[in-house]
Amino acid sequence: MNLSLSNRHKLVMQSEIRNMTLECNRIGGINLAQGVCDTEVPLEVRIAAREAMDNGINTYTHYAGLIELREAIAEKHKRFYGADINPETEIIVSGGSTGAFYCACMALLNPGDEVILFEPYYGYHIQTLVATQAVPVYVRMKLPGWTFSLEDLEAAVTPRTRGIMINTPANPSGKVFSKGELDLVADFAKRHDLFVFTDEIYEHFLYGDHRHIPPALLPDMKERTITISGLSKTFSITGWRIGYCICDSRWSTAIGFFNDLIYVCAPAPLQSGVAKGLREIPMEYYRGLSDMYLKKRDMICEALSRAGLAPNIPDGAYYVLADISNLPGRSSKEKAMYLLQETGVACVPGEAFYHDDAGENLARFCFAKEDDVLVDACKRLEKIKR
Ligand code: PLP
C-alpha cells in the first residue's frame with residue numbers, strides 16, 4: 001500500500017493541552033490544563049436553546065448565522081463599545097471562534113503570507129495559520145508586564161507580512177493590551193498595510209481597572225480589522241461551538257463562503273439560545289463574571305506563591321503562567337508531568353506557548369473551575385512547597 005498521511009498533517013501537531021488532559025484523565029487528576037469553564041450556563045440561554053429545539057429551529061440556518069443572533073451580537077457591541085456593526089453584512093457566525101478564525105485565514109491569506117503573533121501565544125492560532133499554509137512570525141513579549149516595542153514589530157516585518165494578530169485579554173499570559181499598545185499596533189498595521197486579526201474571546205474577563213478596547217474601533221481601523229470572538233467563555237458553553245467574526249463587508253462574503261463549506265452553519269437551536277441570552281442578560285452578569293474570576297485568580301495565585309511557583313499575575317482571561325523552574329525535570333513537559341504525578345494537578349507546559357525553548361520554566365494553570373475544585377487543586381499544589 002502506498003497510502004500515507006498528507007504532508008499538511010505533519011505541520012499540525014497534537015495540542016499539548018489535549019495531551020495533558022489525556023494524562024490527567026488517566027490518573028483521575030484535577031485538570032487545570034484545559035480552558036473549559038465548568039461554571040454554570042446562564043438559565044436564559046439554556047431555556048431558549050431548549051425552546052428553539054422544541055419550536056423546530058433544527059435545520060440549516062443562513063451560512064452567516066441566524067439573523068436574530070447577528071442582530072443580538074451587533075446590539076451587544078453597540079451597548080458595550082458604541083460600535084456600529086451591520087448585522088446583515090459584517091458578521092459571520094461560525095463553529096466557535098476557532099472556526100471563525102480558520103475561515104478568515106482561508107479567505108484572506110495566501111500560502112506563504114506571514115502573520116506576526118505575540119509570544120507566548122495560543123497554540124490554536126499558530127496551528128490554524130500553519131494548517132492554512134500561512135507563516136507565523138513571532139514577537140516575544142517580555143516580563144514583567146509582557147511588554148514589546150515598535151522596534152520588535154518592525155524587526156518582524158518582511159515583504160510577505162500580511163497580518164498581525166492580537167489576543168486581548170490574552171491566553172496564556174493574561175495580558176490586556178493598553179490603549180497605547182493598541183495605538184502602536186494600529187499605526188504599525190496601517191503603515192505596512194496589514195490585516196489585524198484580534199481574538200477577543202476573553203473580553204469579559206478583566207481584573208482591577210483594566211478595560212477592553214476593541215482594536216476595530218481605533219481611528220481608521222475598521223476596514224482592516226478582523227474581530228474574532230464567541231460565547232464559549234462568557235456563557236460557559238465551550239461545547240456549543242458558537243463563535244463569530246466581525247469584519248468589513250469586503251471580506252465577510254468570502255469568509256462566509258468558507259464557513260458554509262466547512263461548517264454549513266453553527267448549531268441552529270444553540271444560536272437561538274445564545275441570541276436570547278445576548279439580548280436579555282443584564283450588564284450585571286458581565287460585571288459579575290469579572291468579580292467571580294478575580295476571586296479565583298487570587299486564590300490560585302496565592303497557592304502558587306505558597307508552593308514556590310511564582311505566578312505572573314494576569315490582568316485578564318483565566319489562566320496564570322507560573323514559574324516552575326524549582327521543579328525537577330529537564331523540560332517544562334517533564335516538570336509538568338512531575339507536578340501531575342506528585343499532586344494530581346494538570347497544567348500545560350510552557351513549551352506549548354513558545355516556538356523555541358523560552359517557555360522551559362513556565363506552566364499555565366487554568367482557574368476557570370468551580371470553587372470547590374479550585375480549593376482542592378490549591379491544597380494539592382501547596383503540598384509541593386519548594
Ligand atoms: N481563542 C482563545 C484565545 C482561546 O483561549 C480559546 C479557548 O481556549 C479559543 C479561542 C476557543 O474558542 P472557541 O470555543 O470559541 O472556539
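## Briefing: helices, strands and salt bridges

The structure holds 21 salt bridges, a salt bridge being a side-chain nitrogen of Lys or Arg within 4 Å of a carboxyl oxygen of Asp or Glu. This is a predicted model, in which local features need pLDDT of at least 70 and side-chain atom pairs count only at pLDDT 80 or more, while totals for chains, interfaces and linings use all residues. Residues are numbered from 1 along each chain as its sequence is written, and side-chain values use heavy atoms, with hydrogens and water left out.

A few words come up again and again. Helices (H or I, at least four residues) and strands (E, at least two) are DSSP runs, numbered from the N terminus. "Buried" is for residues under 20% relative accessible area, "exposed" for those over 50%, and "partly exposed" for those in between (1.4 Å probe, protein chains only).

**Salt bridges**

- Let's start with glutamate 203 and lysine 76, whose side chains meet in a salt bridge (3.4 Å, N to O). Glutamate 203 sits in the loop between S6 and strand S7 (225-230) and lysine 76 in helix H4, so the pair ties together parts that are 127 residues apart in sequence. Glutamate 203 and lysine 76 are both buried.
- Aspartate 183 and lysine 179 also meet through their side chains, at 2.9 Å, N to O. Both belong to helix H8 (residues 179-191), where they are four residues apart, about one turn of the helix. Aspartate 183 is partly exposed at 25% relative accessibility, and lysine 179 is partly exposed with 43%.
- Glutamate 284 and arginine 287 make a salt bridge too (3.6 Å, N to O). They are three residues apart in helix H11, which means about one helical turn separates them. Here glutamate 284 and arginine 287 are both exposed.
- There's also a network of salt bridges, and it links Glu119, Arg140 and Asp356.

**Helix H11**

- Helix H11 has 24 residues (residues 283-306), so at 1.5 Å a residue it should span 34 Å, and its end C-alpha atoms are 35 Å apart, which agrees. The expected span is 1.5 Å times one less than the number of residues in the helix.
- Buried residues of H11 include Tyr286, Leu289, Tyr293, Ile300 and Leu304. Among the elements covering the buried residues of H11 are helix H4 (67-81), helix H10 (268-280) and helix H13 (371-382).
- Just after H11 comes glycine 308, with a positive phi of about 85 degrees.

**Strands and sheets**

- Four strands form an open sheet in the order S9-S10-S13-S12, with antiparallel pairing; two strands pair if DSSP finds at least two bridges between them. At the edges are S9 and strand S12 (348-349), each pairing on one side only.
- Five bridges hold the antiparallel pair S10 and S13, and alanine 322 stands opposite alanine 363 in S13.
- Strand S6 (residues 195-199) has five of its five residues buried, so it is largely enclosed by the rest of the structure. Phe195, Phe197 and Asp199 are on one side, Val196 and Thr198 on the other, and both faces are covered.
- Strand S5 (residues 161-167) runs parallel to S6, joined by five bridges. Asparagine 167 has aspartate 199 in S6 as its bridge partner.

**Two buried residues to look up**

- Alanine 317 lies in the loop between S9 and S10, and its relative accessible area is 0%, so it's buried. Leaving out residues up to four places away in sequence, alanine 317 touches Pro169, Ala170, Tyr202, Phe205, Tyr207 and Phe367; contact means heavy atoms within 4.5 Å.
- Arginine 70 belongs to helix H4 and counts as buried at 4% relative accessibility. Not counting residues up to four places away in sequence, its contacts include His62, Glu88 and Val93. Arginine 70 and isoleucine 242 are 172 residues apart in sequence and 12 Å apart in space, C-alpha to C-alpha.
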